[in-house]
Amino acid sequence: MKRILLGILVFLLLIVSANFGLEYWLESKVKNLLNADADRKYDLLFDEVNIDLLGRKIALNSIRLVPREEQLGIRVNGSIHEILFSDVRYWDLLLKNQVSIGELYLREPSFRLVRQDSTFGGKDNSKAFQDLFGDLIKRGKIEDFKLSGGTAELFFGQDSLYRFGQFTDLTIHAMGLKTDSLILTNPVPFEVEQITSSLKNFTLYLTEDQTFSIKSFDFDYRSKTLLMEGLSLTYDLSLQEIAQKDEFQRDVIAFELKRFEVEKLDANSNLYGNWTIIAGLASLDSLILRDLRDKNIPVKPEDAKPMFAGMLKSLPLPLKIDQVTITNSSISYSEIGEGESEPVTLSFENLNAEIQNLVSIDSLQNKDSMKMKVTTDFMGNGAVEADFVIPFDQSYFDLDLTMGQMDLVQLNSVIGRLAQMRIESGQLQGLKLEMRAQDSSSENKVWFDYSDLKIEILNGEKRNRKNGLLTMMAGLAISKENRYQDKNYKVAQFRSQRNPYRGPFNFMWENTKTGLEEIIPSGAARFLQGK
């Protein structure tokens with residue numbers, strides 16, 4: 001009996017010893033294999049390895065991620081709370097000298113991206129993380145890759161570092177990895193059966209005063225959808241203060257966008273390296289865009305501005321989207337006139353748009369065209385509809401714009417400062433503009449139906465006071481109405497020259513004003529322009 005018990009004890013001791021010996025061997029093997037590839041870009045440094053033989057799991061704790069080439073133009077370092085290898089194939093370790101696992105799981109990594117050159121763009125940042133994940137996955141035969149709780153801080157500089165961005169809550173789950181097949185359009189650069197990724201609180205400090213933010217980002221490979229929420233481009237100062245800091249005149253733009261969703265993403269889209277979006281549908285909800293220009297600032301000598309087709313080709317992000325919808329949005333343009341200190345603002349509320357065939361990639365444009373339909377309320381009242389046709393292979397666009405009824409008195413907040421006049425009464429019955437706009441000129445036709453128009457001319461020095469003599473002369477000069485049923489109904493048809501240093505929207509505005517000048521007698525037109 002004693003011999004039996006002794007034999008059992010010896011057997012158990014042998015099993016325990018073998019278990020400890022196997023764990024020690026596995027620990028040594030894993031340490032050597034993980035940093036064995038001579039072409040690896042990063043070292044994984046760790047002291048603690050926990051092995052669960054029966055559960056077929058290996059856990060590394062308190063890992064440091066160290067780039068092997070310190071002089072890289074852009075590099076990533078940091079720490080990882082835990083790396084977990086699940087479904088470990090021990091026979092592959094023993095016989096093939098290979099890490100072969102079902103899942104590689106990075107839990108709570110904290111990354112620190114450093115670029116030496118501040119001129120590198122966002123594409124370089126995302127590609128640096130893509131290369132890092134690819135470098136880690138290539139160290140073994142791995143079926144699934146998972147990451148959760150990731151954070152990152154983004155810096156530039158060499159001796160002194162300056163933070164230019166960060167994000168939190170990074171998650172990636174890639175299933176069915178095929179590491180022998182590179183796919184550079186995924187966050188992990190390999191072919192996968194399914195992949196999802198998300199992050200939150202993404203922030204880029206573009207300048208000392210300017211910040212770009214995304215509250216949340218989600219990508220689902222299977223459903224072919226990309227969703228971003230809470231996008232914004234903001235400044236620490238007011239738009240007017242930002243404009244006054246610049247040496248030359250420019251448009252200072254800020255925006256907020258509640259939701260941007262892309263559906264039916266094509267496999268050729270690239271969201272992580274050389275950004276490209278090819279998709280069936282994109283939607284923007286609740287865009288609030290503000291634009292301000294200060295005319296007191298000198299104009300910078302510049303090249304001629306392109307028409308719509310040229311603007312598409314100059315987009316930094318290659319796009320091919322079959323349909324884009326914009327809903328529940330608003331746009332405002334503010335301008336500080338020469339000698340003025342306060343801006344005049346034009347607003348477009350309740351803006352909705354549908355764009356067909358948005359393409360900025362030359363090879364995909366062919367001889368097709370982009371079509372755009374916009375509806376909005378001008379100054380919160382006048383209903384506007386605009387239809388654009390923009391051929392890709394020719395430098396022109398067609399515009400058909402209509403505006404519905406509006407109380408013209410509501411324009412006083414705009415024209416009072418610009419034209420030194422005030423509308424006492426007037427009803428817009430309808431306005432229509434047709435344009436065939438070329439690079440340098442345009443064929444135009446304007447209809448302007450109105451009634452009961454009365455204006456007051458203001459004193460040049462005391463703008464809130466009426467100039468009686470000029471008001472009387474203006475009353476004699478203007479036609480108080482122009483209605484379709486009237487015998488002397490006027491329609492303006494003319495050819496205009498484009499200022500090549502202003503964009504197509506300015507061209508549309510100038511043609512509208514010219515049409516009004518032809519319909520309203522020239523004396524009144526001079527009053528309307530403040531001449």
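Guide: The largest cavity holds about 80 Å³ of space. This is a predicted model, so local features need pLDDT of at least 70 and side-chain atom pairs pLDDT 80 or more, while totals for chains, interfaces and linings use all residues. Numbering runs from 1 along each chain as its sequence is written, and side-chain values use heavy atoms, without hydrogens or water.

A search of the whole structure finds 2 cavities of 30 Å³ or more. A cavity is a set of points on a 1 Å grid over the protein atoms alone where a 1.4 Å probe fits but cannot get out. Its volume is the space filled by probe spheres set on the points.

Eleven names make up the lining of the largest cavity: L34, L44, I83, F85, V99, L104, L106, L136, R139, G140 and I142. Each has an atom within 4 Å of a cavity point. Two elements give two or more residues to this lining, β4 (74–86) and β5 (100–115); strands are DSSP runs of E, at least two residues long, numbered from the N terminus. By type, the lining splits into 9 nonpolar residues, 1 polar and 1 charged. Here Asp, Glu, Lys and Arg count as charged, Gly among the polar.

Now follow two lining residues, L104 and L106. K146 touches both, along with E103, Y105, I172 and H173, leaving aside residues up to four places away in sequence. Touching is a contact: heavy atoms within 4.5 Å. K146 belongs to strand β6 (residues 141–156). T196 is 50 residues away from K146 in sequence, yet their C-alpha atoms are 9.7 Å apart.

K146 is partly exposed, because its relative accessible area is 29%, between the limits of under 20% for buried and over 50% for exposed (1.4 Å probe, protein chains only). Its charged end sits over the ring of Y105, 5.1 Å from the centre. That requires NZ of Lys, or CZ of Arg, within 6 Å of the ring centre and within 35 degrees of the ring normal.

F164 is buried, because its relative accessible area is 7%.

Now the rings. The structure holds 13 aromatic pairs. F156 and F164 form one that is tilted, 6.2 Å centre to centre with 40° between the planes. Paired centres lie within 6.5 Å; planes under 30 degrees apart are stacked, over 60 edge-to-face, the rest tilted. F156 is partly exposed, because its relative accessibility is 26%. Ring pairs also link F111, F129, F133, F145 and F167 into a cluster.

How values were computed. Rings of Phe, Tyr and Trp (its six-membered ring) pair if their centres lie within 6.5 Å; planes under 30 degrees apart count as stacked, over 60 as edge-to-face and the rest as tilted. On a 1 Å grid over the protein atoms alone, a cavity is a set of points where a 1.4 Å probe fits but cannot get out, and a pocket is an open set with protein on both sides within 12 Å along at least five of seven lines; lining residues have an atom within 4 Å of a point. Helices (H or I, at least four residues) and strands (E, at least two) are DSSP runs, numbered from the N terminus.
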